[in-house]
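These are my notebook entries on a structure that I looked through element by element. The sequence and the model come first, and my entries follow.

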Amino acid sequence: MAVNLATIESVTKVYGTRALLDGVSLGVSEGDRIGVVGRNGDGKTTLIRMLAKLEEPDGGRITHSGGLQMAVLTQHDSLDPKATIRQEVIAGRADHEWLGDARIRDIVQGLFGGLDLPGFELGLDTVIAPLSGGERRRIALAKLLLGEHDLVVLDEPTNHLDVEGIAWLARHLQLRRSALVCVTHDRWFLDQVCTRMWDVQRGEVHEYEGGYSDYVFARAERSRIEATEEQKRQNLARKELAWLRRGAPARTSKPRYRIEAANALIADVPEPRDKSELMKFANARLGRTVFELEDVTVKAGPKLLLENLTFNLGPGDRIGLLGVNGAGKTSLLRAMQAAYATDGDVQPASGVIKVGKTVRLAYLSQEIAELDPATRVLQAVEQVRGRVDLGKGREMSAGQLCEQFGFGKDKQWTPVGDLSGGERRRLQLLRLLMDEPNVLFLDEPTNDLDIETLNQLEDLLDGWPGSMVVISHDRFFIERTTDTVHALLGDKKLRMLPNGVDEYLERRARMAEQAAPALAPAAAAKPAGDTRAQKKEMQKLERQIAKLDQQESKLHSQLAEHAADFSKVAELDAQLRKVKEEKEELELAWLELAEEV
C-alpha cells in the first residue's frame, strides 16, 4: 500500500471577497504523478504553494508525513546572484566526480545542451547575477533535479525550455522515483508524465485518473452525464475529444473510462478542419502568391542565420516552425514582415522576398504592445473593428469574441492596466484577429495562456481561412493547429519534416551524437591563445548586456509607476523597445563569439 506523503484537509483560501479555494481535500501518495490544470487566476499556484507549506491556508490544515524530503520549483528562484553555476548546481563536487556520474551528466546535458554549457560564456564558472530569468530558471531546475526527494513540486517547469528540453524533462521525470505534483499548460508534457490530474475550477478541485488525454475524456463524459456545463464548454470539450481520438496513434493509453460512451459524444463531430474548403477560401482571399523567398540570406547583426533560402508560403498553408535557439526563427518572420510593411522596399541581406498584393499580415510577436492603461477591454477591441468575419459563414461581434476568449461581460469593462500578463496576451490576440488578417505569424502564441484559452484559440484557428506560420515550443499546439512542420537545425537551412516534431527530435539527437566525439579533439587542438581575445570581447559584451538589463528593469519600474499617464507610458515604451533591440544585437554577437570559442 502506497504511503501517504502530504494531505490537504478542508482547506480554504480567500482573496478579498473571493474564495479561491473552498473546502478542498486532497492527498499525495508515493508514486503519484499529478498534473494541475485550470484557468489562470483560479488558484493552481496557490494550491501547490500551500501543499508545500510556503503559504498558509485561511482554514483547514496541511500535513506532511514524518521526515518528508520535498523540493519545490517556484516562479521565483532563490539562487545566490553572486555564486557561479558550478557552486549552485555542482555544489563542491570535483570535475572527475560529477563527470563520472551518469545521472548528473544527463541532467546537465538535458537542461543546458552540453556538458560545457554552450551559451554560457564561462560554462559552469559563469556568475548568476547577470543571467536572464530563463537561464536562472534552468539552473534552479537542474539544482532541484540533482537532489533525491520523496516529493517534487514544480510550477511551470517547461517555461523557457525548447522542444528538446521539454522532451528530455518528460523522460527524466518518467524514470524518477519521486512523487510529483506539477502545474503546467503544456498538454503534451502532461500526457507523457502524469497519471492523475487535479482540475482547479471556481474554488473546487476535481480529480481525474490518467494523463491529459484521459482527463479530456473524463471531463467530456462528466459533462454529458451532469448536463450542467454551458453549451460552449460542452462543444469545446467534444471537439478536443474528437481531435485526441483521431490522432495517430490515439493519445490515450489507459482505457479506464467507458470509451464507447465517450465515442458517442463525437459521432457527429466533423474533422477539426475541412482542409479542402479552407484552401478554396484561402485561394479566393489571397490569390496564388502569398510570400515567395528566392535565394534569401538572413542576418542578425553580423551573425549569418540563413543562407540561399528558397521557400514558398502559399494560400492556406499552415506551417509550424521549429529550431534551436538562435537559429533564426524569429529573424525569418521579421524579414518577411519587413518586406510586407514596406511593399518590398526593405529586403534581406541578399535574395528577394515577394509579397502577394492581397496579403493582410498580422504578426503576434513575443513582446506585448502597450495600450492606454485606462482603456477598457471591449473598447480596445472595438478600436480595431466592431465585428469580425471568421470564415465559413461565421461572424462575431467584438463582445462575443471577448467572451470566447475568457473576457466575460464584467471583465470587458476592466481597464487594460488592471489585466494580468496572460490576460494582456489574450487581448493582443483578440485585436489581431479583429483586424481580419489573411496571413498570421504567431511567435510563441501560447506564452501565459491557460489550457482553456488555448482550446478556444485552437477552435478559432480551425475555421480560420488563411496562411499561417507558428513558432512554438508547445508541441500539442503545433500539432493541433498546423499541417506541416519546417525546422531550422542550426546549419543555415530550412527543412520540411514529413514526420513533424518526432523527426525534429530524432535529427537533433543524431546531430548531438555526431558532434560529441569531435568535441574533445577539437578543444585540445585549439591553442589557448586563439580564444583569449574572443573571451575578452565576450566579457566586454557581458558587461554591456548587464547594464542594459539594469536599464530594462528601471524602465519597467517607471512604466508601472506612470501607468495612468498615457503620454509618459508611450515615451517609456519607446525607450524600452530601443534597449531591447540593442540588447538583442549584443546577445547575438556574444553567441557568435561563444560558438567560435
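How many aromatic pairs does the structure hold? I worked on a predicted model, and I found that the structure holds six aromatic pairs.

**Entry 1: aromatic rings**

I first looked up the pair formed by tyrosine 208 and tyrosine 215. The pair is edge-to-face, with 5.2 Å centre to centre and 75° between the planes. I noted that both tyrosine 208 and tyrosine 215 are buried.

I then turned to tyrosine 212 and tyrosine 215. Their ring centres are 5.7 Å apart and their planes stand at 50°, so I recorded this pair as tilted. Tyrosine 212 and tyrosine 215 both lie in helix α8 (residues 212-226), where they are three residues apart, about one turn of the helix.

Is tyrosine 212 buried or exposed? Its relative accessibility is 0%, so I counted tyrosine 212 as buried, the cut-off being under 20%. For tyrosine 215 I noted a relative accessible area of 3%, and therefore this residue is buried as well.

Which residues do the ring pairs link into a cluster? I listed Tyr208, Tyr212, Tyr215 and Phe476.

I also looked up a charge over a ring. Arginine 426 lies over the face of phenylalanine 407, at 5.1 Å from the ring centre.

**Entry 2: the six-stranded sheet**

I traced an open sheet of six strands in the order β14-β17-β18-β12-β19-β20, and its pairing is mixed. The edge strands are β14 (361-364) and β20 (494-497), each of which pairs on one side only. Neighbouring strands of this sheet are turned by 20° against each other on average, direction ignored.

Which helices pack on the sheet? I found that helix α12 (residues 329-341) touches β12 (318-323), β14, β17 (439-443), β18 (467-471) and β19. The direction of α12 makes about 150° with that of β14. Helix α15 (residues 421-434) also packs on the sheet, touching β14 and β17. For α15 I noted an angle of about 175° with the direction of β14.

I next followed strand β19 (residues 484-488), which is joined to β20 by four bridges, the two strands running antiparallel. Leucine 488 stands opposite leucine 494 in β20, and valine 485 has leucine 497 of β20 as its bridge partner. The two strands form a hairpin with five residues between them. In the turn, I noted that glycine 490 has a positive phi of about 90°.

Glutamate 436 has a positive phi near 50° and is found in the loop between α15 and β17. With a relative accessible area of 24%, glutamate 436 is therefore partly exposed.

**Entry 3: a helix pair**

Last, I examined how helix α4 (residues 102-112) and helix α6 (residues 163-175) pack. I noted an angle of about 150° and axes 8 Å apart. Because angles over 145 degrees count as roughly antiparallel, α4 and α6 are roughly antiparallel to each other. On the α4 side the contact is made by Asp106, Ile107, Gly110 and Leu111, and on the α6 side by Gly165, Trp168 and His172.

How values were computed: Residues numbered from 1 in each chain as written. Predicted model: local features only at pLDDT ≥ 70, side-chain atom pairs only at ≥ 80, totals over all residues. Heavy atoms only, no water. Pairing = 2+ DSSP bridges. Axes fitted to C-alpha atoms, helices over the stretch in contact; angles between N-to-C directions. Contact = heavy atoms within 4.5 Å. Phe/Tyr/Trp six-rings, centres within 6.5 Å; stacked < 30°, edge-to-face > 60°. Buried < 20%, exposed > 50% of the residue type's maximum accessible area, 1.4 Å probe, protein only. Lys NZ or Arg CZ within 6 Å of the ring centre and 35° of its normal. Parallel < 35°, antiparallel > 145°, perpendicular 65-115°, else oblique.
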